[in-house]
Amino acid sequence: MTKYKSRVLFDSGFSLLALVILIDFSFPGYTTHDQIIVIQKKRQEHYNPSKNFHYSYKAIAGKNKFSIDERFAKLVKAGDKIDYCISKIYKKVNWYKLSGSQKKSYYALRIISGFVLPLIALFVIVMIWRFQWKAEIFVFVLKTLLLADLIYLQI
């Protein structure tokens, strides 16, 4: 197999991976209606000279445990009924909202891992082939991030 064919196969594989991740986030999954059992608040330390910290929040509802943003965590309490959508392929929570509310909330890391990163990767891979860009290091970094994203989605 020539170097050109192996590169085409390699880039096609990463394009397919990015497309699958994007489709998993974009298309509706299974909507679940549950009651919040508990909201977990955890202090996350930054081990650097500034010694800063932040809080992360997780909701436990039914059999599912998922990350939520701070604004939503302060809005809800144990016993509240929520609706959330679980993706079909990777079984991650795409969005969540209070039952009866129209406003959906999205966890920022899920938007980045399910939409932004795969979209950028697809765009760059297409542009590399279409316009013969010379950005091998940038593409390598994007492919590494895409593999890390796949690992994140699997756990």
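## Helix packing and paired side chains

Colleague: Which residues of α1 are buried?

Modeller: This is a predicted model, in which local features need pLDDT of at least 70, side-chain atom pairs count only at pLDDT 80 or more, and totals for chains, interfaces and linings use all residues. Residues are numbered from 1 along each chain as its sequence is written, and side-chain values use heavy atoms, with hydrogens and water left out. Buried stands for under 20% relative accessible area, exposed for over 50%, and partly exposed for values in between (1.4 Å probe, protein chains only). By that criterion, the buried residues of α1 are Asp11, Phe14, Ser15, Leu17, Ala18, Ile21, Leu22, Asp24 and Phe25.

Colleague: What covers the buried residues of α1?

Modeller: Helices (H or I, at least four residues) and strands (E, at least two) are DSSP runs numbered from the N terminus, and contact denotes heavy atoms within 4.5 Å. On these terms, the cover of the buried residues of α1 includes β5 (93-98), α3 (108-131) and α4 (136-154).

Colleague: How far does helix α1 reach from its first C-alpha to its last?

Modeller: The expected span of a helix is 1.5 Å times one less than its number of residues. Helix α1 covers residues 3-26, which gives 24 residues and an expected 34 Å. The reach in the model is close to that value, at 34 Å.

Colleague: How far apart are the end C-alpha atoms of α4?

Modeller: The helix α4 has 19 residues, and at 1.5 Å a residue these should span 27 Å. The model agrees with this expectation, because the end C-alpha atoms of α4 are separated by 27 Å.

Colleague: Within what arc do the buried residues of α4 fall, seen down its axis?

Modeller: The buried residues of α4 are Val139, Leu142, Lys143, Leu146, Asp149 and Leu153. They line one face of the helix, because, with the arc taken over the directions from the helix axis to the C-beta atoms, they fall within 115°.

Colleague: Which residues are exposed on the other side of α4?

Modeller: The buried residues of α4 pack against α1 and α3. On the other side of α4, the exposed residues are Ile137, Phe140 and Ile151.

Colleague: With which residue does the side chain of Arg110 make a polar contact?

Modeller: Arg110 belongs to helix α3 and counts as buried at 2% relative accessibility. Beyond its neighbours within four places in sequence, Arg110 is in contact with residues including Phe25, Lys92, Asn94 and Leu153. A polar contact is a pair of N or O atoms within 3.5 Å; within protein, one must be able to donate a hydrogen and the other to accept it, and residues adjacent in sequence count only if both atoms are side-chain atoms. At 3.4 Å, the side-chain partner of Arg110 is Asp24.

Colleague: How many residues apart are Lys143 and Asp11?

Modeller: A salt bridge is a side-chain nitrogen of Lys or Arg within 4 Å of a carboxyl oxygen of Asp or Glu, and the structure holds 6 of them. One joins the side chains of Lys143 and Asp11 at 2.3 Å, N to O. Lys143 is buried at a relative accessible area of 11%, and Asp11 is buried at 4%. This pair links distant parts of the chain, helix α4 and helix α1, with a separation of 132 residues.

Colleague: What is the relative accessible area of Lys74?

Modeller: Glu70 and Lys74 lie in helix α2 (residues 70-75), 4 residues apart, which is about one turn of the helix. Their side chains meet in a salt bridge of 2.9 Å, N to O. Glu70 is partly exposed at 41%, whereas Lys74 is exposed, with a relative accessible area of 62%.

Colleague: Is Asp80 buried or exposed?

Modeller: The side chains of Lys77 and Asp80 form a salt bridge of 3.6 Å, N to O. Lys77 is exposed, with a relative accessible area of 57%. Asp80, at 17% relative accessibility, counts as buried.

Colleague: Which residue of β2 is the bridge partner of Lys41?

Modeller: Two strands pair if DSSP finds at least two bridges between them. Strand β1 (residues 30-45) and strand β2 (residues 53-61) pair in the antiparallel sense over 9 bridges. Within β2, the bridge partner of Lys41 is Tyr57.

Colleague: What distance separates the C-alpha atoms of Ala18 and Lys143?

Modeller: Ala18 sits in helix α1 and is buried, with a relative accessible area of 0%. Leaving aside neighbours within four places in sequence, Ala18 is in contact with Pro118, Ala121, Leu122 and Leu146. Ala18 and Lys143 are 125 residues apart along the chain, and their C-alpha atoms are separated by 9.4 Å.
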